[in-house]
Amino acid sequence: MAVVFEKPKSLTDAEFHYCPGCTHGIIHRLVAEAIDTLGIEGRTVGVAPVGCAVMAYNYFACDMVEAAHGRAPAVATGLKRSMPENIIFTYQGDGDLASIGMAETVHAATRNENITIIFVNNAIYGMTGGQMAPTSLPGQVTQTSPYGRDVATAGYPVKVCELLAALDGPTYITRVAVNNVKNVRNAKKAIEKAFRNQVEGKGFSLVEVVSSCPTNWGMTPQKALEWVETNMIPYYPLGVYKDKTAKEEA
Amino acid sequence: MAEKVLMKGNEAIAEAAIRAGCRHYFGYPITPQTEVAAYMAKRMPKIGGVFLQAESEVAAINMVYGVAASGKRVMTSSSSPGVSLKQEGISYIAGSDLPALIVNVQRGGPGLGGIQPSQSDYFQATKGGGHGDYHLIVLTPASVQEMADLTSLAFDLADKYRMPAMLLADGTMGQMMEPVLLPEEQVHTVAKPWAVTGTQNKRPHNIVNSLYLVPEELERTNEERFARYRQVEENEVRYESYCMEDADYCLVAFGIAARVSKNAVDALRRQGIKAGLIRPITVWPFPKAPIARAAEQVKAFISVELSMGQMIEDIRLAENCRKPVVLCSRAGGMIPTPEQIMQTVMEQNGGND
């Protein structure tokens, strides 16, 4: 019988702990597919964050390290500098990357560290039960912004791609989403490119994936995907923010 | 090959680390240890090593964590306020059972404190320092020669017991110059089957991690780690005993305080007062047994420290309230004089006679 669909080799058989309707499952699969496609599973080392994806080390079949909250880009820097032939990626959420780990993110980018970062932005702290994230939208109600995010006191959301694209260092900065089939296909291409860049020694690549959190947004999975389209994407426009490789390829 | 050179203590650490096979250094500038970073910045690129000035001490220790996870020898160095920042990473390194070297060339505190020598990070170094149950192997050099020798030893012990080691120096040791016999480059390699070097599609994936959500599992990892710590306590205590054979008064001091104390011992003996010195070289594990033995013999212990009195607590635990333990200390970057130490001993001498 012909096999028409199978689990990527780069995922283990462990059962995901993610909530129903969470898009981490899709993003994990896209990362694993990119690793499979490039044939780099045996020399890839992943760095898991603190946040919902903390147990990603059980799901990816490559060697894995669990980092402290926000420190994944520094840990990845150590791994890459000690093993330049290996492929090193981090998988981080918005609180991890854009709040507590902002310094590590910006400096890994400005050094053009030859690593790949998958940044999952769902505008909320999921694992701790739905607190305001650095990327929570103005007016967004969370456990720690019960009257809606008031920009006068809580400030504005951090637009990571726009911020990093202003640096001279990084190679590839792009924002994708996984709320519909077309966007998932684009996300797959972007993630693969972010890994290929590293294989080819081109430098720092970050893919921001606009994601959803039905549980903590208090929505059905379907409604949450709609909210991504109507609220998240207008604030976080999709597209390539920086691509040093575009010139070479053109 | 081995060679005798005149060097600053901080430079001796750096060169000894290179000769112990360390090719990865991550640091951040802070007085009085910056020469370690400067030396590494100069040497590492010439020998195919990695020097990286991190964006913070927090980032530096996490880069150390990454290299340690890959199984390579790695170090960072800093001074007191910077070492406080590293505590998060040190806890993760200890919790993931990784070997690494952290150097603390101490300065006065708390807070920003000062830049003059101190030993006031003793509690932080010997009792864990960050969150959770853990220890570091803590070595305290008292000469530039020991800055070099204990650096090599720290790498070996860290590898052997899969735990972080700390070289706990002070600003004096970092800044002073002395002749030092540098060893030949010698790397004792240890198999590290746990390292994350890529599976090469030949084995199940390795995971370097300190998260255990099942309490029984977390308890078990803590118990296994402490079984290893007991081995360290049994096998790796190091100290120097000076004029203790017939001593009535036992000075206990490490680092620069031990050097001043030796002068005081000699001067006291010239005056007919039988003083001796126990100099811990490891402060974790602490030399409890020699202190306990001395308690059978001496009239009092004098803890000589560059702090408001920290090691004195470990002396009291070791001698178990059998004899008086008094403090002779200066703090804030000040160093006790031999005369101050002699005065403290003579006060005890008067009190007992």
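Which residue stands opposite B:I278 in β12(B)? In this predicted model, the residue opposite B:I278 is B:S241.

**View 1. Strand β12 (residues 275-280) of chain B is buried along its length.** Six of the six residues of β12(B) are buried, so the strand is largely enclosed by the rest of the structure. One side of β12(B) carries B:A275, B:L277 and B:R279, and the other carries B:G276, B:I278 and B:P280; all of these are buried, which leaves both faces covered. In a regular strand, side chains alternate between the two faces of the sheet.

**View 2. β12(B) pairs with β10 (residues 239-242) and with β11 (residues 249-252) of chain B.** The pairing of β10(B) with β12(B) is antiparallel and runs over four bridges. B:S241 faces B:I278 in this pairing. β11(B) pairs with β12(B) in the parallel sense, over four bridges. Here B:V252 has B:I278 as its bridge partner. Together with helix α9 (residues 255-270) of chain B, β11(B) and β12(B) form a right-handed β-α-β unit.

**View 3. Domain 1 (3-235) and domain 2 (240-352) divide chain B.** The centres of the two domains, taken over C-alpha atoms, are separated by 28 Å. In the contact between them, 26 residues of domain 1 of chain B meet 22 residues of domain 2 of chain B. On the domain 1 side, two or more residues each come from α5 (122-126), β6 (137-139), β7 (164-170), α7 (171-175) and α8 (215-235) of chain B. α5(B) gives the largest share of that side, four residues. By residue type, the domain 1 side divides into 14 nonpolar, ten polar and two charged residues.

**View 4. Chain B touches chain A through 31 residues, in contact with 29 residues of chain A.** On the chain B side, β3 (50-53), α3 (57-69), α4 (80-95) and β9 (207-208) each supply at least two residues. The largest share, eight residues, belongs to α3(B). The chain B side consists of 13 nonpolar, 15 polar and three charged residues. Strand pairing also links the chains: strand β2 (residues 63-66) of chain A and β9(B) pair in the parallel sense over two bridges. In that pairing A:M64 stands opposite B:I207.

View 5. The buried residues of α1(A) are A:H24, A:I27, A:H28, A:L30, A:V31, A:A32, A:A34 and A:I35. An α-helix has 3.6 residues a turn, so residues three or four places apart point the same way. The elements of chain A against which the buried residues of α1(A) pack are β1 (44-48), α2 (56-59), β3 (87-93), β4 (116-121), α8 (181-199) and β6 (205-210). A:G39 follows α1(A) and has a positive phi, near 65 degrees.

View 6. Buried in α8(A) are A:A187, A:K188, A:A190, A:I191, A:A194, A:F195, A:N197 and A:Q198. Just after α8(A), A:G201 has a positive phi of about 70 degrees.

Definitions and conventions. Residues are numbered from 1 along each chain as its sequence is written. Chains are lettered from A and ligands numbered from 1 in the order in which they are written. This is a predicted model: local features need pLDDT of at least 70, side-chain atom pairs count only at pLDDT 80 or more; totals for chains, interfaces and linings use all residues. A residue is buried if 20 or more other C-beta atoms lie within 10 Å of its own, exposed if 12 or fewer, and partly exposed in between; C-beta atoms are placed from the backbone. Two strands pair if DSSP finds at least two bridges between them. A crossover is right-handed if, with the strands pointing away from the viewer, the path from the first strand over the helix to the second runs clockwise. Domain bounds come from an automatic or database domain assignment. Two residues are in contact if their C-beta atoms, placed from the backbone, lie within 7 Å. Ala, Val, Leu, Ile, Met, Phe, Trp, Tyr, Cys and Pro count as nonpolar, Asp, Glu, Lys and Arg as charged, and the others, Gly among them, as polar.
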